[in-house]
Amino acid sequence: MAPPSYSDLGKAARDVFNTGYVFDVLKLDLKTNQNVEIKAGGTQHLVSGAVNANLETKYVINKSKYLFTLVEKWNTNDVMTTEASISGLLPGVKLTTDGTFDRKKQTKAVRVKSEYKNDFVSLNLDTEFKALKPVINASAVVAYNGWLGGFNVKYNTSDKSLQSNNLALSYIAKQFVFTTTVNDNKLFGGSVFQKLSDQLDLGLQVSWSSENNDSSLAVGTQYQLNNDVKLRAKINNKSQLCLGSGIKIKDGVTLTLASLLECRQFNQGGHKFGIGLELAL
């Protein structure tokens, strides 16, 4: 099996901390899986009352060994994106191009992305054109005996500056994933994912910044109570306790409830709550 892209290193642990938590919003997602896949979503912020919405259509053509995908996106910020990708031209190669137009800011951007994967390496090269001189984002991941080593660099050719350079090392076992990262030689991080049983997952995240000597520690878990209910919880070194649940009401209908409790100043307020509803037709 091909190694993951650089952006997916440590994803199992991140999902424990990020998936299923919605705060200060009412969220609605709608998805259809017909000949043309349609996704629509909207959020209303409970404090400001601001409403945001998005619409995405996806059309897939599978001809012999070639796979062609066309995606169109729009949101209420008047940002429109069209993306086209093709794979199967060569083994392990995928080519993608997309264009974005921000009607409010009157800005345009074009990106060309290429990807190559085999059993031992994953290579990605993204080139973004907002002007004649592009921004280049390149990454590579190499796999060997359960170990994954990755490198990511972002370079702006207009001012000839290195915007970011990141390193990652990960070890993947059957029910255990360990990942450590170094971003811009300033932010050092690590994560652990452990599948304790078929129902119970455990995650750990730590980070330290050499710039301001700031550190963070978080522990999270998710438990599949039954076929219809998943419970989630996480807490960090700032005593922020997050609780969440995903409830399958019926086939294609999932309700998400989440809360963030400020335990250090429990009586002073600042707590957050959120509700999400996902419909799959």
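Which strand gives the most to the nonpolar patch? Strand 4 does, with 3 residues.

This is a predicted model, in which local features need pLDDT of at least 70 and side-chain atom pairs count only at pLDDT 80 or more, while totals for chains, interfaces and linings use all residues. Residues are numbered from 1 along each chain as its sequence is written, and side-chain values use heavy atoms, with hydrogens and water left out.

**View 1. A nonpolar patch lies on the surface.** The patch consists of Val36, Ile38, Leu55, Tyr59, Phe68, Leu70, Trp74 and Met80. Together they have about 630 Å² of accessible area. Areas come from the Shrake-Rupley method with a 1.4 Å probe, and for residues only the protein chains shown count as cover. Patches are made of residues with over 30% relative accessible area and no salt bridge; like charges are joined within 9 Å, and nonpolar side chains (Val, Leu, Ile, Met, Phe, Trp, Tyr) within 5 Å. At least two patch residues come from each of strand 2 (36-45), strand 3 (51-63) and strand 4 (66-75). Strands (E, at least two residues) and helices (H or I, at least four) are DSSP runs, numbered from the N terminus. Tyr59 sits in strand 3. Tyr59 counts as partly exposed because its relative accessibility is 38%. Buried means under 20% relative accessible area, exposed over 50%, and partly exposed in between (1.4 Å probe, protein chains only).

**View 2. Strands 5 and 6 pair antiparallel.** The two are joined by 9 bridges, and strand 6 covers residues 93-102. Strands pair if DSSP finds at least two bridges between them. Ile86 stands opposite Leu95 of strand 6. The hairpin of strand 5 and strand 6 has 5 residues between the strands. In this hairpin, Gly88 takes a positive phi near 105°.

**View 3. Strand 6 also pairs with strand 7.** These strands run antiparallel and are joined by 10 bridges. Lys94 has Glu115, in strand 7, as its bridge partner. Between strand 6 and strand 7 the hairpin has 4 residues. There, Gln106 takes a positive phi near 55°.

**View 4. A salt-bridge network links Glu83, Asp98, Arg111 and Lys113.** Side chains of opposite charge can pair when their charged atoms come close. A salt bridge here is a side-chain nitrogen of Lys or Arg within 4 Å of a carboxyl oxygen of Asp or Glu. The structure holds 11 of them. One joins Glu83 to Lys113, with the closest N and O atoms 3.8 Å apart. Glu83 lies in strand 5 (residues 79-87) and Lys113 in strand 7 (residues 107-117), so this pair ties together parts 30 residues apart in sequence.

**View 5. Lys186 and Glu211 form a salt bridge between loops.** The N to O distance is 3.5 Å. Lys186 lies in the loop between strand 12 (176-183) and strand 13 (187-195), and Glu211 in the loop between strand 14 (200-209) and strand 15 (215-224), so the pair ties together parts 25 residues apart in sequence. Lys186 is partly exposed at 37% relative accessibility. Glu211, at 62%, is exposed.

**View 6. Lys195 pairs with Asp201 in a salt bridge.** Their closest N and O atoms are 3.1 Å apart. Lys195 is partly exposed, with a relative accessible area of 28%. Asp201 counts as buried at 8%.

**View 7. Thr127 is a buried residue of strand 8.** The strand spans residues 121-129. Thr127 counts as buried because its relative accessibility is 15%. Leaving aside neighbours within four places in sequence, Thr127 is in contact (heavy atoms within 4.5 Å) with Val110, Arg111, Val112, Pro134, Val135 and Ile136.

View 8. A disulfide is a pair of cysteine sulfur atoms within 2.5 Å. The structure holds 0 disulfides. Cys242 is buried, with a relative accessible area of 5%. Cys263 is partly exposed, at 36%.

**View 9. Gln265 lies in the loop between strand 18 (253-262) and strand 19 (272-280).** Gln265 is partly exposed, with a relative accessible area of 35%. Lys248 is 17 residues from Gln265 along the chain. Their C-alpha atoms are separated by 33 Å.
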